Amino acid sequence: MPHKPPTKEELERRKIVGIRDEIITDVTSTDFPGHYPGESHVWDIEEFRQGVRVEFHQNDPLEASFSLIGVDASIANAFRRIMIADIPTLAIETVFINNNTSVIQDEVLAHRLGLIPFQGGHEGLHKFLKWWRKPTDESEVNSSYYDFNTVSLRLEVACTHNDQAAPGETDPTKLYKHAHVYARDIEFCPVGRQDRYFSGADAIAPVNPDILIAKLRPGQEINLSMHMHKGVGSDHAKFSPVATASYRLLPTIDITRPILGADAAKFAKCFPPGVIGLQKVTRTEAAQTGSGYEGHEGEVRAVVEDPMRDTVSRECLRHPEFKDKVKLGRKRDHFIYLVESTGQWHSDAIFLESVTHLKKRAMDLEKQVINMVR
Amino acid sequence: MPRATKFTKEEPSDAGSDVAMDEAPTSHQPESRDDMSIDPNENEEVEEDEVEEEEETQRVRLLPGSTPTAASFEFLNEGHTLGNALRYIIMKNPDVEFCAYAIPHPSEAKMNVRIQTFEGTTAIQALEKGLRDIQDLCDVVTDKFIDSREKFAAGISA
């Protein structure tokens, strides 16, 4: 029997992961050579170029949301993992405590400082600054710090009584000076060429100046210096450029038989607002035999407006009146990414960097494989 | 440790490693501002590239028991990120009969890839093609992403 090429509908149907009340179906992708008799499914870069699409939903410096359509989960997941764990950022790595008489212990304070996200001039952060590697020989550590691999910071705060405080004042922030130590109290100490890259608005500074680091009382002080280095999220979460980088698959809602009248309103309430709309059945629809709308002209019916807003709660599958009238699913190759930057990178640049990073990894390994054969 | 001069010398060597209790600085140290280990004068001496460049160690190895058409490879310092992506793209090759990846133990930074091919090509060729295909894929995704971002920005400003 000669093989018939799959129809467009069939190809679309293959992309749907089925979601039923208690089970999911068709989870794994089937677009591999040899899966369907007579079909190729061979990797073809031109075919991929035709099929792949990117659609932006939001693009702010700290938050970007976009759809990557037409790639396999393994590729989409590689980008997500790289964004979280492999994109370098600058963070406080070493804290030299000269004096800490606050109630917060040295190691806890150092840990808190490390987690503060910093920002600065992008050219300096991404191009000028390089890795700092701890020398294997301990005695050479001193000569391993340069302006292009280490950023110095200082935090010097002492709490004192506020003589101007009103009598009977109980608020510690008014009663004392520097009762609260904030991220904005951290001072950047440029060295060498750092002035060129990190001055004015490009200075190294906390993204959120209002992060509370410690609370002090009169007589207590914190006096410390810090070294920042570049690192990656796989080493420590403080180096991750994202607060979250996640994706979800586009939900699909397929109303297979009409849902009308009061049922339609109830159906809409099963979903988040904006997912299901209510429309009047038109005369032409009612006149069409076999449409299921015969004799229902003027009644409201449920229509799918925006499946992207759905959370796939499956609430509609709990009600017997919608039985066999709706099919829920997700599109296996439609990834809705949400990238929340911590401030050092622009959120869209983090994704681009992850793509570049994957390419570089593949390039390096290709060299390695060629070298292995030799 | 307390002296400023000695501080400069010892401070960085403590970075990243625990300090013995008797060596640890006590509180109320005299302030020292000149303890920054970065000396601006040192910058001119070292070329940046010299520090950046370091020789690549061989990270890919053919595991014993491999034949030309059926081979296992061991990748050092790779994980699910590249493993799964590589597995997918190699499986898209029609000359490949079987491809899978595994991380034999989570506390070893090793990733194994098994490739079995049909006659006419070798597992190594399939692996090389897979790595090249990933690079092409990344180029396409980058192009599409930048295009879409420009369109989105134009749509907002318009």
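Modeller: A nonpolar core is a set of buried Ala, Val, Leu, Ile, Met, Phe, Trp, Tyr and Cys residues joined through side-chain atoms within 4.5 Å. The model here is predicted.

Colleague: Which residues touch the most other members of the largest nonpolar core?
Modeller: That core has 57 residues. Its largest share, 10 residues, comes from α4(B). The members with the most contacts to other members come from chain A and chain B: Phe79(A), Phe351(A), Leu86(B) and Ile115(B).

Colleague: Which residues of chain B are in contact with Phe79(A), leaving aside neighbours within four places in sequence?
Modeller: Within chain A, the contacts of Phe79(A) include Leu68(A), Tyr337(A), Phe351(A) and Leu358(A). Ser354(A) and Val355(A) are also in contact with Phe79(A). From chain B come Leu137(B) and Val141(B).

Colleague: How many residues does the second, separate core have?
Modeller: Its members include Ile92(A), Phe148(A), Val157(A) and Ala183(A). The total for this second core is 33 residues.

Colleague: What is the area buried between chain B and chain A?
Modeller: The size of an interface is often given as the accessible area lost when the parts come together. Here 74 residues of chain B are in contact with 73 residues of chain A. Carbon and sulfur atoms give 63% of the buried area. The area itself is about 6,900 Å².

Colleague: Which element supplies the largest share of the side of chain B that touches chain A?
Modeller: The rule finds 15 residue pairs in polar contact across this interface. On the chain B side, α1 (4-10), α2 (48-52), β1 (60-62), β2 (70-76), α3 (80-91) and α4 (123-157) each supply at least two residues. By class, that side has 30 nonpolar, 20 polar and 24 charged residues. The largest share, 23 residues, comes from α4(B).

Colleague: Which residue of chain A forms a salt bridge with Arg149(B)?
Modeller: The count between chain B and chain A is five salt bridges. In the one formed by Arg149(B), the closest N and O atoms are 3.0 Å apart. The partner is Asp348(A).

Colleague: How many salt bridges does the structure hold over all chains?
Modeller: One of them pairs Arg14(A) with Glu10(A), at 3.1 Å from N to O. The total over all chains is 30.

Colleague: Arg14(A) and Glu10(A) are how far apart in helical turns?
Modeller: Both residues lie in helix α1 (residues 8-14) of chain A. Arg14(A) is buried, with a relative accessible area of 11%. Glu10(A) is partly exposed at 23%.

Colleague: How many residues apart in sequence are the parts tied together by Lys238(A) and Glu93(A)?
Modeller: Their side chains meet in a salt bridge at 3.1 Å, N to O. Lys238(A) lies in the loop between β14 (221-231) and β15 (242-255), and Glu93(A) lies in strand β5 (residues 89-100), so the pair ties together parts that are 145 residues apart.

Colleague: What is the relative accessibility of Arg283(A)?
Modeller: Arg283(A) meets Glu297(A) in a salt bridge, 3.5 Å from N to O. Arg283(A) lies in helix α9 (residues 283-287) and Glu297(A) in the loop between α9 and β17 (300-304), 14 residues apart. Glu297(A) is partly exposed at 45%. Arg283(A) counts as exposed, at 61%.

Definitions and conventions: Residues numbered from 1 in each chain as written. Chains lettered and ligands numbered in written order. Predicted model: local features only at pLDDT ≥ 70, side-chain atom pairs only at ≥ 80, totals over all residues. Heavy atoms only, no water. Contact = heavy atoms within 4.5 Å. Buried area = accessible area lost by both parts, 1.4 Å probe. Salt bridge = Lys/Arg side-chain N within 4 Å of Asp/Glu carboxyl O. Polar contact = N/O pair within 3.5 Å; in protein donor to acceptor, adjacent residues only side chain to side chain. Helix = DSSP H or I, 4+ residues; strand = E, 2+ residues; numbered from the N terminus. Nonpolar A, V, L, I, M, F, W, Y, C, P; charged D, E, K, R; others polar. Buried < 20%, exposed > 50% of the residue type's maximum accessible area, 1.4 Å probe, protein only.
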